[in-house]
Amino acid sequence: MPASPLSLPDTASARAARPFVAADVGGTHVRIGLVRRGEGEGIEVLHYRKYACADYAGLDAVVADFLATAPAPSPVRRGVIACAGHALPDGSLLTVNLPWPVSLPALRDALGFEDFRSVNDFEAVAHAVGRTGAQPLLHLSGPATPPPGPSLVVGPGTGLGAAVRIPSARGAVVLPTEAGQAALTVGNALEMAVLGEFLKDRSHVPIEHALSGPGLVRLHHALAAVRGVAPGHATPDALSAAAQSGNDPLARETLDLFCGLLGSAIGDMALLYGAHGGVYLAGGVLPQIQGFLSQSGFVERFLDKGPMREALEAIPVHLVEHGQLGVIGAAGWYLDPSHDVH
């Protein structure tokens with residue numbers, strides 16, 4: 001999604017002088033912070049909350065509730081959101097996974113903001129990984145220390161997001177992608193059968209149709225159909241818990257299927273984007289299954305790319321806690337003078 005600067009004329013120095021709102025807007029949760037520039041290039045989070053999207057009628061209601069509780073010394077009149085989707089010329093966002101429409105001009109007017117902008121959600125996370133050196137939860141593959149080169153930030157949440165961070169002498173460039181909308185590819189007979197179930201009601205099966213929170217449930221239902229049994233779970237949390245309990249073979253097979261497909265898809269992305277500088281896995285699903293993920297077929301499928309296996313073995317793969325990364329990354333993007341409006 002191209003970054004969308006919809007605002008009154010403003011400068012990075014003016015934006016840095018006072019606190020502003022930075023929010024990471026997902027299909028299930030909104031993570032939102034009152035932030036300001038910290039020491040050096042750091043971001044200081046003054047106040048932070050996490051909201052369930054289903055509890056609010058729109059994003060303006062979430063931001064208004066947050067501002068009512070935030071300890072701001074003066075009225076907050078500026079903000080930025082990190083959000084999946086495509087920016088349209090009228091300032092609205094074309095999104096697949098959000099529960100309500102998002103329009104930057106409407107938000108700005110409803111909140112009385114002078115300046116309100118948007119950036120792709122995983123573009124923001126990629127900025128934060130570079131800015132903070134995000135602390136890994138789990139090292140999955142490759143060397144511990146990343147070599148120089150582009151890095152890939154990718155993760156399944158309500159959808160699947162991905163961005164590429166390319167270092168340069170003038171500072172990093174982050175490229176947002178729509179990798180989650182690329183076609184899902186499969187690598188064995190069981191996966192082909194599951195893909196066949198998906199193809200019964202659609203001609204294009206995007207990666208995130210299987211590799212996301214809702215996708216995990218879709219995998220479970222498709223696998224149940226292949227096995228000729230009834231599915232046992234309707235939510236990602238219930239399915240993940242059952243799979244990790246060891247008492248539900250179908251749930252465990254579903255999660256194995258998910259991890260294998262994820263490893264294969266991310267291996268493809270690492271090759272496509274030349275991510276020699278490392279792969280960072282984020283998103284809401286993976287921290288909940290990190291123990292399972294480390295014992296699954298994820299790494300083997302990530303590496304299983306024929307003669308490119310040796311190249312992939314040299315790429316470090318880490319799971320990082322998404323947490324405040326989207327908020328910090330959106331704030332860092334907002335303060336970057338290259339995004340000034342002229």
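In this predicted model, F298 has a relative accessibility of 0% and therefore counts as buried, since the limit for that class is under 20%. F302 is likewise buried, with a relative accessible area of 0%. Both F298 and F302 belong to helix 11, which spans residues 298-303, and they are separated by 4 residues, or about one turn of the helix.

The structure holds 4 aromatic pairs. One of them joins F20 and Y334, whose ring centres lie 4.7 Å apart; because their planes meet at 40 degrees, this pair is tilted. The link connects distant parts of the chain, with F20 in strand 2 (residues 20-25) and Y334 in helix 13 (residues 325-335), 314 residues apart. Both F20 and Y334 are buried. The rings of F298 and F302 form a pair as well, with centres 6.4 Å apart and planes at 10 degrees, so that this pair is stacked.

Helix packing can be followed in another part of the model. Two packed helices are described by the angle between their axes and the distance between the axes. For helix 7 (residues 213-227) and helix 9 (residues 249-273), the angle is about 120 degrees and the axes are 9 Å apart, which makes helix 7 oblique to helix 9. The crossing of helix 7 past helix 9 is right-handed. On the side of helix 7, the contact is made by L216, L219, H220, L223, A224 and R227, which meet L250, A251, E253, T254, L255, L257, F258 and L261 of helix 9. Sorted by class, this contact between helix 7 and helix 9 comprises 10 nonpolar, 2 polar and 2 charged residues.

Technical notes: Residues are numbered from 1 along each chain as its sequence is written. This is a predicted model: local features need pLDDT of at least 70, side-chain atom pairs count only at pLDDT 80 or more; totals for chains, interfaces and linings use all residues. Side-chain values use heavy atoms; hydrogens and water are left out. Axes are lines fitted to C-alpha atoms, for helices over the stretch in contact, and angles run from 0 to 180 degrees between N-to-C directions. Helices (H or I, at least four residues) and strands (E, at least two) are DSSP runs, numbered from the N terminus. Angles under 35 degrees count as roughly parallel, over 145 as roughly antiparallel, 65 to 115 as roughly perpendicular and the rest as oblique. A crossing is left-handed if the near helix is turned anticlockwise from the far one by less than a right angle, and right-handed if clockwise. Contact means heavy atoms within 4.5 Å. Ala, Val, Leu, Ile, Met, Phe, Trp, Tyr, Cys and Pro count as nonpolar, Asp, Glu, Lys and Arg as charged, and the others, Gly among them, as polar. Rings of Phe, Tyr and Trp (its six-membered ring) pair if their centres lie within 6.5 Å; planes under 30 degrees apart count as stacked, over 60 as edge-to-face and the rest as tilted. Buried means under 20% relative accessible area, exposed over 50%, partly exposed in between (1.4 Å probe, protein chains only).
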